[in-house]
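The report that follows goes through a structural model by topic, from the packing of helices and cores to charged and aromatic pairs and the confidence of the prediction. Please keep the sequence and the coordinates at hand while reading.

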Amino acid sequence: MPPKNTMDSGQDRPIKVLVVEDGDEYITNLTTFVAEGVSYRQAKSGGRACEMLLDELPDLVFLDMRFDRTPVEELLGDMVQLTGRFNGDIGRARRFQQDNQGLFILRALRDAGFRRPVILSYDFGVEEKRFRALSSKDPALHYCPDYADAKVIRQTILAAVAAG
Amino acid sequence: MAIEAQRRGRGGGARALLMGVVLALLGLSSAELGAAPPRDKLPAPDGAEDSLPGVDDSGEAEVVVDQVSLEQQREHAFADHLGRARRATQQRRWSEAISEYSAALGLHEGDAEALRGRAQAHRRATPAGRCPRLAIEDLTLLEVYDPRGLWLSERANVVAWMGECGDVYAKERLAIAEQLAELEPGEFGRPDDIRVVAAQLRAAEAEVTRGELPARRHREAAVAQLEAYRAECLTREVMPELAALELEGELNRKLEQPQAAVAAYERILIAHPDELDAVRQAKKRIDELQIQLAVAEIQELQGGKPTPEAEAAYNRGLAALRRRDLSRARSELEQAVEDSPWYPRAHYYLGEVYARSERFPAAIESFKKAIAMERYDYATHMALGLLYKKEFSGSEDEQARTHLDMALRLRPDLHVLHFHLGELYVRSDKGLAIEHFREYLEFGDADDPKRTAAREAIAALERDVEESVPFVPPLVPSDVGRLDPELHRLISEAYVLGAEHGDWDRAEKLLLQAREKFPRETALLNMLALVVYVQDGRQGQARVYWEESLAVDTNQMEVHERLGLMLADSASGRMHLRKAAELGSVIARYRVAKLLWDNFELWSASEQLDVYLLEAGPYDVYWDTAQELRAHMDSVFTKIYLAGGVGLVVLLSFPFALIWRRVRGASLPQLLERSPSCFPDVARILSLIRHEILKHNTAFLSDVGRALELDEPDADARATLLARRLFGDTANSEGDPHRGERRGIYGRFLAYVGELEQVARGHGVTLNLRRKDPTFKAMLRAFEDVAVKAKWLRHPGGLSSTKSLELAKVLLRAGDVLGRRAFDRLSDVIRSLCIARVDAEFIAAVYEEVATEDKFVAVDIAPLVIEGEGEKVRIFPSDLHDILSNVLRNSLMSSVMYAEPPIGLGVELATEVDDITGLTSLAIRIKDRSPERLTNEMLRGRYVERGMGITADLLSRYDGSIAVEPEAGWEKAVVLRFFALDEDDASPDHSQRSGEYKVAPTASPLGA
């Protein structure tokens, strides 16, 4: 059972968040706008994220969905199956892989034994059915819409940690 | 003519020398002769060769030579030769006759009979058209050997034969002819027409003689011969020869004795009425001469200046002519000359009017009257010469040459006349033609189009011609006739001194002396100018005199014209030309136009040229050149106007282009409406924008805005961070925030906008998201508003509170647009894109269509078995229809071909959820019992025909797939998979029923 984490200064320890993204936008925003009571680390690929889990287990993973800047060899997912799914069109398959890379990384994290909350930065508001399909198998999955401001993000983090 | 004279002179000198040598030789050889030529000694009798008779020293008996026998033998031989020669002559064996006569002359040199005989034989032996030179030489020897015998009878033959040699024996012939003419008429050996011959020879001499006075004397002598001839004819009661009468008329004309000339021509009409050409020519001459007589009579009666009424009519006529009102001009000018018959300028302009009205005979008459009154009016000579040149097809070229030659003599500065004369002389004297063309090339305008023609003409005419430039003296100014008699005499004397005797210094001195008495006479000053002008290197002094003349009378058109031409392209030259043009000089008018054109004063030049073309006529010396210049100007102006028009169009096109840029193009909904098939690509890009751009916390814009507004402690840090996020870290991005490079969120956003435009272009649509699409218009403007303040955003610390507040407002506004609102708008766009519901009903309908096709009419097909509920997918319904029908058709066909009956298919609509991505897919499993081998590679590699290649392409467009999978209870299943819509995407308003296509594009609800 992880220690209680809050964002109140002077109490317990900061919430450890592993940010997995292909750029630096989230880490920059979060460290700027949602810094109080949270410490952040960053991984730029799913593989790296899995490695960092072994170093230090975060309280929460803040996961980007789209990874179009990550080298293709570091992308996760079965390209053979994906290519077949897209009629042998490797380009489309690759794009699908990039557009949904966050979910492939989520699967890898779960396969690596990480059971703690994951916040996916993706608006499932228009794809509730999809989120239900995912979250029904992964109750620790949360999402935060793209348009969320600092306050919403902070609330989502706290709620996810509290629930997790 | 000068060249001809020189030729004859040289030829004549050579002949004289030859004759002298011959005579000298003859004189030497006949030194011992008394009355008879010496006789060669006869050869010695046989046996007595090499021995001379002499004293017999040996005491033997003397041999006495029978001198009489020798003489007789000689005579016999001579007679023999003569006899044989005569026989040969009778038998027309000329060579033999010549030999025999020569042999005879060898025995009796200078025998008159033999000489005459040989001469005759030579004459007969000479081909027709050739000069019988040897015959002439033999006959002329008679003058030496038998001057009082046969020579007297053969002189006429000598004259006649010499006439066949051109002008080789001109002088000798003349001398003999005049000797014969002095004989009594009818005397033996005197031809009846010998005086005519003498007159002709005299006339020919007059043509080649230098100097007016010698020429006049020859002509007068010729006329005297002809008059004597006529008297003889009268005595003999015979008609004078036509040639004699014609010559008499011609000579009297040249002697300026028009009455005598008229009389001579009238005799032709009487004596030779059947000689039609001669009669016509005579009448023509009579008409001309009578004009001269009339003019002379007028001058005698009136002369002087025109009346005021005549002058007024003249001015009106001139004005009408310049307006091209020929009818009015004619009536006024006719009035002027009727009022004042002695009005050379009026006659000249009347001639112009007649010429332009194509009344050429009347024009010629008027011009000739003008010339008769003012002999040295260059303009009239030019007009008449050009009229003859242009309108008579060569038949009056001689007249044309005469008048243009005169015009050139009067105006040697009008170099263009050389060109016209060159053209005229091409037909008669190639050497002169070449000279004129060369003069034209040397002194004419450098860019005159006629230069090419001149060069070509020279090349065509090129031949060795002796170059001789005869001196052409200037002629007396035209206003001399109205001067003070003393001044007139002085000017004429100066003219004679200079022109006749070449003593220009004395002429100038005389004029300068006259100037002391007549200091302000323009005619005197003008004459002085002419006298110095013709002398090399003194044109400057000529200018001085002309300018002094202008100081006395500034309205002298010709003086201004001469000065203008002399000073060419200078300010004063132009001034003189303009003045001359104002005074009526069309030559000056043309030169002004040309100068302005050469100096790029294009429109002024055009104006002046138009005035010239209005004032001048076809018989002005620059008319043809002016036409060409006008055409060239028009061409240049056309190009200028075209270029200007194009420039104007280009200039005007900029605002139009800008307006067009604003109004053309489509919005995103319009793109989807025009080309629905592009929506998969559009949907993808919009999703990227929604996720990539908006996920980058453009909503933090509002955060930063609030922080700045409230002046929170970390507001500056947040602002700086936000600036880096939005516009990147490099300093360059600040320089041009609109550059749209992939720096920062803004750069990526612009790149996605570019992708949308590219997709649209690929579908033949031009997007104008900035102006036509409300959603993107708002987003782009919001980004731009922030971009303008990028510098403030990067360094908010140094901002004043006012600027800080202003920045805060911009950020709050942008945050509102680019936050949730933008997200929702884009979502709405995506959501509204085409949706098709795939359910059992749809499948059944497509199957029914396929199964009832003609190819399956004869097949007993079992009803389709459909399982599953289906899903909604994002696809263009007609594409879905095509895909499905192709697959169904293929499966059915394969079943018909390979499966055992009953033939039938099964369809299962299965919903599959990917456990990694959570995405739902609709799998349409089309089952058949056909054992025909079918693999994924065959399908995807387009190896299968029957439309399956198209099916695979269509599927790819919608991120669909096709695969062959095993299926329990069937041979196989061809499985079509599509990503199914999420519940929220598939809103009822946009649901699609099978068979009814209706695209439901959205106008983005921008809060318009």
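## A covered helix in chain A

Which residues in H5(A) are buried? In this predicted model, the buried residues of H5(A) are Gln101(A), Gly102(A), Leu103(A), Phe104(A), Ile105(A), Leu106(A), Ala108(A), Leu109(A) and Arg110(A). Helix H5 of chain A, which spans residues 101-111, is accordingly mostly covered, with 9 of its 11 residues buried. The helix is followed by Gly113(A), a residue with a positive phi near 100°.

## Nonpolar cores

The largest nonpolar core has 116 residues, and those with the most contacts inside it are Leu668(B), Ile689(B), Leu756(B), Phe776(B), Leu793(B), Ile924(B) and Leu976(B). Helix H40 of chain B, residues 801-831, supplies the largest share of this core, namely 10 residues.

With which residues is Leu756(B) in contact, leaving aside its neighbours within four places in sequence? The partners of Leu756(B) are Leu668(B), Val682(B), Ile685(B), Leu686(B), Ile689(B), Leu767(B), Leu769(B) and Phe776(B).

## A buried glycine in chain B

Gly83(B) has its place in helix H2 of chain B, which covers residues 67-90. With a relative accessible area of 16%, Gly83(B) falls under the 20% cut-off and is therefore buried. Its C-alpha atom is separated by 9.3 Å from that of Tyr101(B), a residue 18 places away along the chain.

## Salt bridges

A search of the whole structure finds 79 salt bridges over all chains. In one of them the side chains of Asp68(A) and Arg748(B) meet, with an N to O distance of 2.9 Å. Because Asp68(A) lies in the loop between strand E3 (60-64) and helix H3 (79-85) of chain A, while Arg748(B) belongs to helix H36 (residues 744-762) of chain B, this pair joins two chains. Asp68(A) counts as partly exposed at 22% relative accessibility, whereas Arg748(B) is buried, with a relative accessible area of 12%.

Within chain B, Glu207(B) forms a salt bridge with Arg219(B), the closest N and O atoms being 3.3 Å apart. Glu207(B) lies in helix H8 (residues 194-208) and Arg219(B) in helix H9 (residues 212-236), so the pair ties together parts that are 12 residues apart in sequence. Glu207(B) is partly exposed at 25% relative accessibility, and Arg219(B) is buried, with a relative accessible area of 11%. Another salt bridge connects Arg316(B) with Glu332(B), where the closest N and O atoms are 3.0 Å apart; this pair links helix H13 (residues 308-322) to helix H14 (residues 326-339) of chain B, its two residues being 16 residues apart. Here Arg316(B) is partly exposed, with a relative accessible area of 39%, and Glu332(B) is buried, with a value of 9%. Beyond such pairs, a network of salt bridges links Glu867(B), Glu908(B), Glu912(B), Arg925(B), Lys927(B), Glu965(B), Glu967(B) and Arg977(B).

## Aromatic rings and charges

The count of aromatic pairs over all chains comes to 27. Among them is the pair of Phe727(B) and Tyr746(B), which is edge-to-face because the ring centres are 5.9 Å apart and the planes stand at 90°. Phe727(B) lies in helix H34 (residues 715-727) and Tyr746(B) in helix H36 of chain B, so the pair ties together parts that are 19 residues apart in sequence. Both Phe727(B) and Tyr746(B) are buried. Elsewhere, ring pairs link Tyr314(B), Tyr343(B), Tyr348(B), Tyr349(B) and Phe367(B) into a cluster.

Charged ends also sit over rings: that of Arg85(A) lies over the ring of Phe979(B), 4.2 Å from its centre, and that of Arg401(B) over the ring of Tyr425(B), 5.3 Å from its centre.

## Confidence of the prediction

The predictor gives the complex an ipTM of 0.91 and a pTM of 0.44. Chain B averages a pLDDT of 82, and 82% of the residues score at least 70.

Methods
Residues numbered from 1 in each chain as written. Chains lettered and ligands numbered in written order. Predicted model: local features only at pLDDT ≥ 70, side-chain atom pairs only at ≥ 80, totals over all residues. Heavy atoms only, no water. Core = buried A, V, L, I, M, F, W, Y, C linked by side-chain atoms within 4.5 Å. Buried < 20%, exposed > 50% of the residue type's maximum accessible area, 1.4 Å probe, protein only. Helix = DSSP H or I, 4+ residues; strand = E, 2+ residues; numbered from the N terminus. Contact = heavy atoms within 4.5 Å. Salt bridge = Lys/Arg side-chain N within 4 Å of Asp/Glu carboxyl O. pLDDT = per-residue confidence, 0-100. Phe/Tyr/Trp six-rings, centres within 6.5 Å; stacked < 30°, edge-to-face > 60°. Lys NZ or Arg CZ within 6 Å of the ring centre and 35° of its normal.
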